[in-house]
Amino acid sequence: MAMERLFPAHCVSCGARTPGHSHPFCEQCLIGTSLLTPEMIFLPRRRMAPVRVAALFEYGASVRRAITAGKYGGEPWRLRQLGRLCAPVARIFEPKVLVPVPSAASSLVRRGFHPAWEVAVGIADELGADVVMVGMRKRGYLTQASLSAAQRRQLAPSQFVISRLPRGPYLIVDDVITTGATVSAFATALELHGAKAAIGAVCVAASV
Ligand SMILES: [Zn+2]
């Protein structure tokens with residue numbers, strides 16, 4: 001079991017058998033991944049997020065395939081492996097608690113898991129932080145980048161049902177960040193429900 005965690009027998013992206021291989025991506029898929037450079041790990045402020053957001057990979061072909069297979073192919077182990085890779089980036093924030101962005105209830109029923117939860121568990125395996133699912137996301141959540149900050153603040157709480165407040169310095173975790181609207185709305189919803197501000201957010205990949 002522990003060996004399987006350290007040396008997964010299958011590539012996280014293409015699924016090829018990789019016995020004894022020490023990296024989640026096989027050599028072929030590793031060629032198709034781009035780690036964000038140290039200057040890029042912290043995404044530029046133009047992303048609309050009230051917290052500092054860090055991401056590990058560019059959302060390129062190999063990472064996209066790994067995340068898609070994890071989310072839509074019912075293979076959460078892939079997301080956990082990606083989470084393990086994100087641990088060094090998450091460690092920069094020194095979080096006590098990892099708070100995954102909840103999936104919409106309908107997606108949770110269909111998949112049986114929250115993708116961001118799986119990523120967070122992978123990070124927690126390495127860091128020893130706690131993972132807390134604080135609530136649920138409603139259907140039809142908004143992601144319009146065109147909304148003003150004031151509009152987002154007004155609408156954000158309506159798309160998340162927060163039932164538990166995170167304690168301690170907490171770090172938001174998600175799989176992919178594009179506009180930043182989801183992370184932004186989630187962070188705002190938590191604050192409006194009385195949680196202290198997040199110390200940041202970590203995502204596996206950013207479409208840059
Ligand atoms: Zn592969």
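Student: Which residues does Val 204 touch, not counting residues up to four places away in sequence?
Tutor: This is a predicted model, in which local features need pLDDT of at least 70 and side-chain atom pairs count only at pLDDT 80 or more, while totals for chains, interfaces and linings use all residues. Residues are numbered from 1 along each chain as its sequence is written. Two residues are in contact if their C-beta atoms, placed from the backbone, lie within 7 Å. By that test, Val 204 touches Ala 55, Leu 56, Phe 57, Val 63, Ile 67, Leu 82, Cys 86, Val 119, Asp 175 and Val 176.

Student: Which residues have the most contacts inside the largest nonpolar core?
Tutor: A nonpolar core is a set of buried Ala, Val, Leu, Ile, Met, Phe, Trp, Tyr and Cys residues joined through C-beta atoms within 7 Å. A residue is buried if 20 or more other C-beta atoms, placed from the backbone, lie within 10 Å of its own, exposed if 12 or fewer, and partly exposed in between. The largest such core has 56 residues, and those with the most contacts inside it are Ala 55, Leu 171, Ile 172 and Val 204.

Student: Which element gives the largest share of this core?
Tutor: Helices (H or I, at least four residues) and strands (E, at least two) are DSSP runs, numbered from the N terminus. The elements that give two or more residues to the core are E1, H4, H5, strand E2 (97–100), H7, E6, H9 and E7. The largest share, eight residues, comes from H7.

Student: In what order do the five strands of the open sheet lie?
Tutor: Two strands pair if DSSP finds at least two bridges between them. The edge strands, each pairing on one side only, are E1 (53–58) and E3 (130–131). The pairing is parallel, and the order is E1-E7-E6-E2-E3.

Student: What is the bridge partner of Leu 171 in E7?
Tutor: Strand E6 (residues 170–177) and strand E7 (residues 200–206) pair in the parallel sense over six bridges. Within E7, Leu 171 has as its bridge partner Gly 200.

Student: Which residue of E6 is the bridge partner of Pro 100?
Tutor: E2 pairs with E6 in the parallel sense over four bridges. In E6, the partner of Pro 100 is Val 173.

Student: At about what angle to E7 does helix H4 run?
Tutor: Axes are lines fitted to C-alpha atoms, for helices over the stretch in contact, and angles run from 0 to 180 degrees between N-to-C directions. Helix H5 (residues 76–91) lies across E1, E6 and E7, at about 130 degrees to E7. Helix H4 (residues 61–72) also lies across E1, E6 and E7, and its angle to E7 is about 110 degrees.

Student: Within what arc do the buried residues of H4 fall?
Tutor: Ser 62, Val 63, Ala 66, Ile 67, Gly 70 and Lys 71 are the buried residues of H4. The arc is that of the directions from the helix axis to the C-beta atoms. The buried residues line one face of H4, because seen down its axis they fall within an arc of 155 degrees.

Student: How many residues of H9 are buried?
Tutor: The buried residues of H9 include Ala 181, Phe 186 and Leu 190. H9 is largely enclosed by the rest of the structure, because the number of its twelve residues that are buried is ten.
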